[in-house]
Amino acid sequence: MNRTTLSLFAAATALAAVTGFAVLTEPDGGAASAPAAKAPTRLPVERSTLLCPAPSTSEVAETVYTSFTPAGPASGAEAGRAELKPATASAGDDTTAAPKKKDEPTAKKPAAADKAVVALAQPGNPVSAEANGGDAPALVGTASGRLAPGWTTQQTTTVPAGGARGLLGVGCTAPDTDFWFPGASTAKERQDYVHLTNPDDTAVVADIELFGPNGAVKSQLAEGIPVPARSSVPVLLSTLTTDPAVPDVTVHVTTRSGRVGAVVRSADETAGSDWLPASTDPAATLVLPGIPADATSVRLVAYAPGEDDADLKVQLATGTGTIVPAAARELHVKSGMTASVDLKDVTRGEAGSLILSPAGKGQATPVVAALRVVRGKGDKQEVAFIPATGPVGQRATVADNRAEGTTLALTAPSATAQVKVTASAGTEGGTPASKTYTVKAGTTLPVEPPVPAGLKGSYALTVETVSGGPVHAARMLAVPDDGVPMFTVQTLTDDRGTVEVPAARQDLSVLED
């Protein structure tokens, strides 16, 4: 009887389906023992997806999209393509049954959903595109081949006047099934929308939970929110509850089926507007990098999603070391409740990063957190948000940096590290430049990053860990306007441009009995 020990084609097909890559090795002749296990290898990803929310409903809004993929080995990969197209329905298609408010956006349908708004041609060279007015839709995009590893797109919107005034910046996000947004609000002076964007060809059902200082906020119409295929839905948080306005709310977005991109757009009557990205996954220790040196107000919001309370030690990593802010040495966060504390002008002229860790041994309770940061005073205020973020890891990138107004904050919370910062060519010309920095343990290093020689247009910044670490990073882009210190802060996290693939060794022999 002939007995095949393993189907070559079945094994190759299964591995290729999972990783997009398969290697088949013929066995050593007559080897009686099984070969030693090989270490996993890292291969470039072959496909990436990004989702950009509808940027604004203001008719005076000016939006710039900047797309970039770092140059890398990606040997053997096809040239590929990377482009973002309008979602088939976006901006005002609120499919919840929540009552509309008079200033809530009305439905908009993109006229040319199949036409790319921004398309990237090759790694190492960023491209930009503009979309002005309040009709700009949400975007859905994919990258393949050599353009997939590390693909990033920055959406930057300037609104010079009105209730949504501000510089709104957000890195277009990858789809997921679970998001936490501490730092949102249902207060009367706030208009906070959570934008849900579905990249796929089937509808998604999402749920939204709200948690305040007393626990779950009574919600209506927050469960079973449909997000049609390749569409985007904005949901005004204050319409989901009849409870009195809650100044600090943690929003939890999950999907019952499928996946979405999610981000919160916040507008404050006095402090302007910006995007609030999701916090990193719940963890016992968190880093919130890049608080500006001239911040006039910093508010920390945290939430404990588990069954245990969290007692957090609050520290500020400055340029010379880690200190304990006078406004808050510790923060107690009750299980299932949102806690907040006003840190005031905590940086006092020196950029820093906040580090949250367990206040006592054996109390490693996971939490999520974010900062609401204000620059300026009176009617010249501007707001931005800094969520807790993971380290830059092997590599992280942020696009739409400019010759003036760009600063980078690098934080090494536990060990000294060395990082390499590379400025790409400009969107319209320029020669890449790079510089290596050493970040001492427990400090934040604020730097004016390298600028491409002969820069024309904007450029991308890529941060790579050379040694030590971990390192957390944030980029601040400042664009002052008529005395208002408009700014936005984007954190940088590992771009996950590679994936770990188990080594495969297939036995092709056929045994005969």
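Hi everyone, let's start with Leu354. Leaving out residues up to four places away in sequence, Leu354 touches Leu286, Val287, Leu288, Ile291, Leu300, Val314, Gln315, Leu316, Leu343 and Leu371. Keep in mind that this is a predicted model.

Leu354 also stands out in the largest nonpolar core, which has 33 residues. Together with Leu300, Leu356 and Leu371, Leu354 touches the most other members of that core. Another core lies apart from it, with 30 residues, and Val204, Ile208, Ala271 and Val383 are among them. As background, nonpolar side chains in soluble globular proteins tend to be buried together.

How much space lies in the largest pocket? About 1,400 Å³. The lining is made up of 50 residues, and Cys172, Thr173, Ala174, Thr493 and Asp494 are the closest to the pocket's centre. Sorted by class, that lining has 25 nonpolar, 18 polar and seven charged residues. Several strands each supply at least two lining residues, including S10 (166-171), S11 (178-184), S38 (487-492) and S39 (498-501).

One last stop, for those of you who like tyrosines: Tyr437, in strand S33 (residues 433-439). Is Tyr437 buried or exposed? Tyr437 counts as buried because its relative accessible area is 9%, and the cut-off for buried is under 20%. Who are the neighbours? Setting aside residues up to four places away in sequence, Tyr437 touches Leu410, Ala417, Gln418, Val419, Val421, Leu445, Val447, Glu448, Pro449 and Pro450. Take Val419 from that list: Val419 and Tyr437 are 18 residues apart in sequence, yet 5.4 Å apart in space, C-alpha to C-alpha.

Definitions and conventions
Residues numbered from 1 in each chain as written. Predicted model: local features only at pLDDT ≥ 70, side-chain atom pairs only at ≥ 80, totals over all residues. Heavy atoms only, no water. Core = buried A, V, L, I, M, F, W, Y, C linked by side-chain atoms within 4.5 Å. Buried < 20%, exposed > 50% of the residue type's maximum accessible area, 1.4 Å probe, protein only. Contact = heavy atoms within 4.5 Å. 1 Å grid on protein atoms, 1.4 Å probe; cavity = no way out; pocket = protein on both sides within 12 Å on 5 of 7 lines; lining within 4 Å. Points joined across faces, edges and corners; volume = space filled by probe spheres on them. Helix = DSSP H or I, 4+ residues; strand = E, 2+ residues; numbered from the N terminus. Nonpolar A, V, L, I, M, F, W, Y, C, P; charged D, E, K, R; others polar.
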